[in-house]
Amino acid sequence: MRYTVIGAGAMGLRYGILLQEHTDAHVDFIDAWAPHIDKIREQGGVYVSRDHENRRLIPINLYTPEEYDGDPDVWIVFMKQMQLEDMLGRCAHLFKDHQVVFSAMNGWGHFEKIARYFPEDRIYGGTALVATVLNGPGDVDFIGKSGAGTMHMCAMTNEVTDIEKAIFADFQKANLNPEISDDFKGMCMAKIVFNSVVNTLCTMYQITMGQFISYPGARDMAMQLINEAYDACERAGIKLINTRDEELESVDYVSRTGNPLHYPSMYQDMSRGRKTEVDYINGYIARLGREHDYVCRTHEFLTHGVHLAELAFQYH
Ligand code: NAD
């Protein structure tokens, strides 16, 4: 199988390098961030650590969209939501009828953009419960020992196809711990709600996931956000793959046991002066609610809260 990763950032590198190392797939990467591309070329690959240890240089095939002329079976897309439209436009000349796309980006907004280039029956979504940090150009840290993290995947049509089974088999070999779901929107929303609690609160208060869950009121705060999001989803006719209680336990488990020392990716963006994806997470839940005559007051407030935190960070 041939994979090309669009977005050689933290997660694109994690998926691509694990596939490159643990399967017989051919993997290429496309990126557009010049300092990152220059550094990788200069040092002859990407420095990869595991939990800040065993830093080693791994060569990768890296191209800009304009340089690339490959023809993969599967595109893996891992951009930030705000960058995606421009990047897909730059890659459009490479898209062909036999190819499929897989993306496990956070939030909601990427599938609408991808669907401008690919029909629904060639789009596969995923959700990745794993932490990865791009320390800087050419240097990435896969948080958690080998085999850490879990993920769900599902076709946009909810049908399990042969190509999905092949991708699943490669993801298994790559220790990504995949599970196939049969409910695309319910799967995506469960991760969006998770992120709307953990990413958002950790980012606003500049704390790790473990610090958040150690606060005695953390579960109450989480439940309020979960309830509001689930109420909006019910009105929109979306049934999530987790119950409300399972969602709370997932927030608790991942924060307390899975990645207690991790700052979520929205915090990493804010701390580097980049915009966060909050409009696609809490902002999306709030929009979904409004579209169905339900006001998600806490999610609306927190969307502003994160934007205010982005602004406040600039003053420090
Ligand atoms: P990332 O920011 O590391 O990389 C995305 C793109 O941004 C890449 O093309 C990268 O080269 C570029 N980039 C990185 N830093 C930049 C900078 N300072 N200026 C300009 N461009 C820069 O993003 P990611 O963490 O890989 O996230 C991709 C998607 O996966 C997002 O939707 C994210 O929410 C989701 N996700 C991330 C994690 C995680 O732990 N990082 C986990 C699950 C899901």
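The second largest pocket is lined by 25 residues, and those nearest its centre are Leu129, Thr150, Ser250, Tyr253 and Val254. A pocket here is an open set of points on a 1 Å grid over the protein atoms alone, where a 1.4 Å probe fits, with protein on both sides within 12 Å along at least five of seven lines; a lining residue has an atom within 4 Å of a point. The elements that each give two or more residues to this lining are β8, β11 (150–155), α6 and α9 (244–258). Helices (H or I, at least four residues) and strands (E, at least two) are DSSP runs, numbered from the N terminus. Of these elements, α9 gives the most to the lining, with 6 residues.

Before going further, a word on what you are looking at: this is a predicted model, in which local features need pLDDT of at least 70 and side-chain atom pairs count only at pLDDT 80 or more, while totals for chains, interfaces and linings use all residues. Residues are numbered from 1 along each chain as its sequence is written, and side-chain values use heavy atoms, with hydrogens and water left out.

Back to the second largest pocket, which has a volume of about 480 Å³. A volume is the space filled by probe spheres set on the grid points, which are joined across faces, edges and corners. Its lining divides into 13 nonpolar, 9 polar and 3 charged residues. In this count Ala, Val, Leu, Ile, Met, Phe, Trp, Tyr, Cys and Pro are nonpolar, Asp, Glu, Lys and Arg are charged, and the others, Gly among them, are polar.

Now turn to the largest pocket, where about 890 Å³ of space lies. It is lined by 43 residues, and Ala10, Met11, Lys80, Ser265 and Arg274 are the closest to its centre. Two or more lining residues come from each of α1 (10–22), α3 (81–91), β8 (123–129), β9 (132–136), α6 (184–205) and α10 (265–271). By class, the lining has 19 nonpolar, 15 polar and 9 charged residues.

Helix α1 deserves a look of its own. It has 13 residues and reaches 18 Å from its first C-alpha to its last, close to the 18 Å expected at 1.5 Å a residue; the expected span is 1.5 Å times one less than the number of residues. Is α1 mostly covered or mostly open? Mostly covered: 10 of its 13 residues are buried, where buried means under 20% relative accessible area, exposed over 50% and partly exposed in between (1.4 Å probe, protein chains only). Among the buried residues of α1 are Ala10, Met11, Tyr15 and Leu19.

Contact means heavy atoms within 4.5 Å. Phe102 and Phe171 have the most contacts inside the largest nonpolar core, which has 100 residues. Such a core is a set of buried Ala, Val, Leu, Ile, Met, Phe, Trp, Tyr and Cys residues joined through side-chain atoms within 4.5 Å. Helix α6 supplies the largest share of this core, 13 residues.

Phe102 is also a contact of Val74, which, leaving aside neighbours within four places in sequence, meets Met1, Arg2, Tyr3, Thr4, Val100, Ile163 and Ile167 as well. Val74 sits in strand β6 (residues 74–77) and counts as buried because its relative accessibility is 0%. Elsewhere, Ile285 lies in helix α11 (residues 282–291) and is buried at 1% relative accessibility. Beyond four places in sequence, the contacts of Ile285 include Met189, Ile192, Val193 and Ser196.

Finally, two loops are worth a visit. Most residues other than glycine have a negative phi. Asp51, however, has a positive phi of about 50°; it is found in the loop between β3 (46–50) and β4 (53–58) and is partly exposed, with a relative accessible area of 24%. Asn158 also has a positive phi, near 70°. Asn158 is in the loop between β11 and α5 (162–173), and its 34% relative accessibility makes it partly exposed.
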